[in-house]
Amino acid sequence: MTHFDPANGPASSVSNGPAADGIGLLHSPWFGEVRWDETSEVSFPAGLPGFDDCRRMIAIEIPSHRPVLYLQSVDRPTVCFMTLPVQYVSPGFTARLNEDDAAALARRPGELPGAGSLLWLAMVVPTPTGAIANLDAPIVVDVTSGVGIQTSLAVGQSDDSTRKSPCVEAVC
Amino acid sequence: MLIVRRRAGEGILIDGKVEIVVAEIAAGRVKLGIRAPENVTIERTETDEAARRNRLASSLIPAVGTQGAADLIKTFRGDRKDEKRGGK
């Protein structure tokens with residue numbers, strides 16, 4: 001995970017340069033110049049729905065914004081998603097990895113949020129009245145392997161209360 | 001919607017180009033095999049909705065910046081406290 005200090009990060013151009021000695025470098029319009037250890041990248045082998053070309057992301061944490069975790073695309077520096085841990089959005093949230101998602105992460109089907117090294121994140125989506133956290137399609141990152149997927153939960157994969165209220169209203 | 005009954009191993013052909021075969025049926029789930037030309041996009045129905053929400057999500061920070069986005073979450077925290085007070 002890359003920590004970022006807003007005081008030292010002026011917005012600038014949008015291009016990513018070559019890495020040196022395993023250190024990546026990109027110029028994000030949102031964080032300015034970002035350097036990170038390439039071993040800490042999150043790889044999305046299938047990209048994300050609607051962003052098939054975004055296969056490399058870095059997780060950026062701003063201490064004063066916790067528990068927000070920003071997913072900044074390396075492949076397309078203008079693309080950045082704001083995410084929250086699913087358990088923060090909905091403390092009772094439970095869901096299980098289906099067979100396909102488990103295979104993509106080289107994990108066992110049925111693993112729950114909070115199990116092992118899996119980090120379950122909900123993307124924050126703006127609405128006309130504020131924002132919602134998308135619990136229907138959480139991002140699951142295996143922190144150990146650095147591989148991530150975005151899963152689409154089918155009925156029965158998450159608990160009933162989540163299905164009745166798949167998107168938690170954040171702001172009204 | 002056209003509804004067709006098929007058994008495992010049977011399939012349907014669409015427009016002579018796309019073949020869908022029922023590979024396996026088990027425990028309320030069906031495994032499908034699909035043969036189609038390379039230029040045909042195939043995705044799960046729910047993936048299309050996820051793509052729509054992802055495109056919306058990517059517009060949040062350009063619209064309000066990281067600080068503005070973080071401020072949304074502060075309000076969200078307040079909402080959660082209210083929820084608990086409401087006994088939900």
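# Two chains and the contact between them

Reader: How many residues of chain B are in contact with chain A, and how many of chain A with chain B?

Author: In this predicted model, 27 residues of chain B are in contact with 37 residues of chain A. Contact means heavy atoms within 4.5 Å.

Reader: How is the model numbered and treated?

Author: Residues are numbered from 1 along each chain as its sequence is written, while chains are lettered from A and ligands numbered from 1 in the order in which they are written. The model is predicted, and local features need pLDDT of at least 70, side-chain atom pairs count only at pLDDT 80 or more, and totals for chains, interfaces and linings use all residues; side-chain values use heavy atoms, with hydrogens and water left out.

Reader: What area is buried between chain B and chain A?

Author: That area is about 2,800 Å², and carbon and sulfur atoms give 64% of it. Buried area is the accessible area (1.4 Å probe) that two parts lose on being put together, summed over both.

Reader: How many salt bridges does the rule find across the interface of chain B and chain A?

Author: The rule finds one salt bridge there. A salt bridge is a side-chain nitrogen of Lys or Arg within 4 Å of a carboxyl oxygen of Asp or Glu. The partners are A:Asp136 and B:Arg53, whose side chains meet at 3.5 Å, N to O.

Reader: Which elements give two or more residues to the side of chain B that touches chain A?

Author: They are helix H1 (45-57) and helix H2 (60-85) of chain B. The largest share, 14 residues, comes from H2(B). Helices (H or I, at least four residues) and strands (E, at least two) are DSSP runs, numbered from the N terminus.

Reader: What kinds of residues are on that side of chain B?

Author: The side of chain B that touches chain A divides into 12 nonpolar, seven polar and eight charged residues. Here Ala, Val, Leu, Ile, Met, Phe, Trp, Tyr, Cys and Pro count as nonpolar, Asp, Glu, Lys and Arg as charged, and the others, Gly among them, as polar.

Reader: Where do the partners A:Asp136 and B:Arg53 lie?

Author: The pair crosses between chains, from A:Asp136 in strand E10 (residues 130-142) of chain A to B:Arg53 in helix H1 of chain B. A:Asp136 counts as buried at 18% relative accessibility, and B:Arg53 is buried with a relative accessible area of 13%.

Reader: Which residue forms a salt bridge with B:Arg35?

Author: The partner is B:Glu19, and the closest N and O atoms are 2.5 Å apart. B:Arg35 is in strand E3 (residues 29-35) and B:Glu19 in strand E2 (residues 18-26) of chain B, 16 residues apart. B:Arg35 is exposed at 56%, whereas B:Glu19 counts as partly exposed at 28%.

Reader: What is the make-up of chain A?

Author: Chain A has three helices and 12 strands. Of its 172 residues, 54% count as buried.

Reader: And what of chain B?

Author: Chain B has two helices and three strands, which run β-β-β-α-α from the N terminus on. Of the 88 residues of chain B, 20% count as buried.

Note on methods
Buried < 20%, exposed > 50% of the residue type's maximum accessible area, 1.4 Å probe, protein only.
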